[in-house]
Amino acid sequence: MQLAARFVLQNVIAFNRDQIEELFGPGPSKAMAQQLELRFGAIDRAISALKLQYPTYARQLEMQFLARTAARLEEERYRRLRAESIINQEVFDDLQRSLRQRRRAVEVRPTLDLGLKRDDLLGRVPMFATLDAKARRSVARLLRPRLAVPGEVIVHMGEHGDAMYFISSGAVEVRILPTAVHLGSGDFFGELASLVADRRNADVVALGYCELLTLAARDLNRLFGTEPALRDQIHAVAQARIAATEIS
């Protein structure tokens with residue numbers, strides 16, 4: 001629906017630019033252009049959030065949308081050819097049969113990747129990638145699920161960091177200066193403040209429905225006693241991010 005709305009808006013924007021200004025002058029055309037751009041921006045942001053939340057599914061849907069559009073344009077072309085008597089009815093029927101077969105193939109609904117298993121999620125996080133399977137299972141048992149709704153502020157700037165967050169499914173915006181950062185499924189945030197017992201340096205807001213996994217700072221500290229390599233790696237990551245923040 002978002003892709004279709006985006007396609008329609010592109011055509012309306014072009015119509016406003018090419019027709020409305022000529023008929024009614026620049027004033028109405030400019031006012032309409034402003035409203036259309038706001039709507040187009042909102043749809044673009046919604047699509048971007050869905051791409052972050054369901055990356056594989058979004059790519060498959062885009063391919064399906066393009067295939068459906070191509071099939072529709074192909075059918076329109078065949079009908080024009082038949083109407084102009086460039087092809088006869090027999091050829092037209094053969095082309096339609098072939099097109100129907102290809103249309104059925106693109107109508108198969110792709111599989112929705114609703115989220116990631118906790119063990120798989122940990123494996124995608126660089127700081128846990130070197131852990132063996134047993135250690136990852138130990139970490140996974142410490143994770144707690146949390147659901148965030150669109151627009152919810154998950155982390156408030158200035159508050160004490162008592163946990164880090166892994167995005168099992170969803171997308172968030174880290175509102176840090178000078179440019180906000182978008183994170184999606186498999187990403188993590190909040191590790192800096194929780195590791196160095198500092199305050200949060202940015203708001204983190206849910207862009208859509210988010211399934212989060214949280215790891216409390218006290219549990220992370222407990223792991224340091226059993227996983228010294230993990231402790232060293234996490235501290236190295238924290239120091240690198242602090243350095244990057246100071247440079248920016």
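This report walks through a predicted model, from its confidence to its strands, cores, charged pairs and surface.

## Confidence in the model

The chain has a mean pLDDT of 83, and 89% of its residues reach 70 or more. Among the elements of the chain, strand β7 (residues 203-206) has the highest mean pLDDT, at 93. Helix α7 (residues 191-195) has the lowest, with a mean of 66. Where pLDDT is low, the predicted coordinates should not be read in detail.

## The four-stranded sheet

An open sheet is built from four strands in the order β1-β8-β3-β6, with antiparallel pairing. Its edges are β1 (144-148) and β6 (188-189), each of which pairs on one side only.

Strands β3 and β8 run antiparallel and are joined by six bridges. One place to look is alanine 163, whose bridge partner in β8 is alanine 216. Strand β3 also holds methionine 164. Methionine 164 counts as buried because its relative accessibility is 0%, and the cut-off for buried is under 20%. The C-alpha atom of methionine 164 is separated by 4.7 Å from that of glutamate 191, although the two residues are 27 apart along the chain.

## Strand β4 and its partners

Strand β4 (residues 171-175) is mostly covered, with four of its five residues buried. With β5, strand β4 forms a hairpin that has five residues between the two strands. Four bridges join β4 to β5 (residues 181-184), and the two run antiparallel. Within this pairing, valine 174 has valine 181 of β5 as its bridge partner.

Strand β4 is also joined to β7 by four bridges, again in an antiparallel arrangement. Here arginine 175 stands opposite aspartate 203 in β7.

Arginine 175 has a charged partner too: a salt bridge links it with glutamate 173, with 2.8 Å between the closest N and O atoms.

## Two nonpolar cores

Which residues have the most contacts inside the largest nonpolar core? They are Leu122, Phe128, Phe166, Leu215 and Leu220, in a core of 19 residues. Several elements each supply at least two residues of this core: α6 (133-142), β3 (163-169), β8 (210-216), α8 (217-226) and α9 (228-247). Helix α6 gives the most, with four residues.

## Salt bridges in the helices

Side chains of opposite charge can pair when their charged atoms come close. Eleven salt bridges are found in the structure. One of them brings together the side chains of glutamate 62 and lysine 51, at 3.0 Å from N to O. The pair links distant parts of the chain, with glutamate 62 in helix α3 (residues 55-83) and lysine 51 in helix α2 (residues 26-53), eleven residues apart. Both partners are partly exposed: glutamate 62 has a relative accessible area of 25%, and lysine 51 has a relative accessibility of 38%.

Aspartate 94 and arginine 97 form another salt bridge, with an N to O distance of 2.1 Å. Aspartate 94 is partly exposed at 38% relative accessibility, and arginine 97 is partly exposed with a relative accessible area of 43%.

## A nonpolar patch on the surface

To finish, here is a spot where nonpolar side chains meet the outside. Phe7, Val8 and Val12 form a nonpolar patch on the surface, and together they have about 230 Å² of accessible area. Valine 8 belongs to helix α1 (residues 2-24). Is valine 8 exposed, partly exposed or buried? With a relative accessibility of 47%, valine 8 counts as partly exposed, because exposed means over 50% and buried means under 20%.

Notes: Residues numbered from 1 in each chain as written. Predicted model: local features only at pLDDT ≥ 70, side-chain atom pairs only at ≥ 80, totals over all residues. Heavy atoms only, no water. Patch = residues over 30% accessible without salt bridge, like charges linked within 9 Å, V, L, I, M, F, W, Y side chains within 5 Å. Areas by Shrake-Rupley, 256 points an atom, 1.4 Å probe, with all protein chains shown as cover. Salt bridge = Lys/Arg side-chain N within 4 Å of Asp/Glu carboxyl O. Buried < 20%, exposed > 50% of the residue type's maximum accessible area, 1.4 Å probe, protein only. Core = buried A, V, L, I, M, F, W, Y, C linked by side-chain atoms within 4.5 Å. pLDDT = per-residue confidence, 0-100. Pairing = 2+ DSSP bridges.
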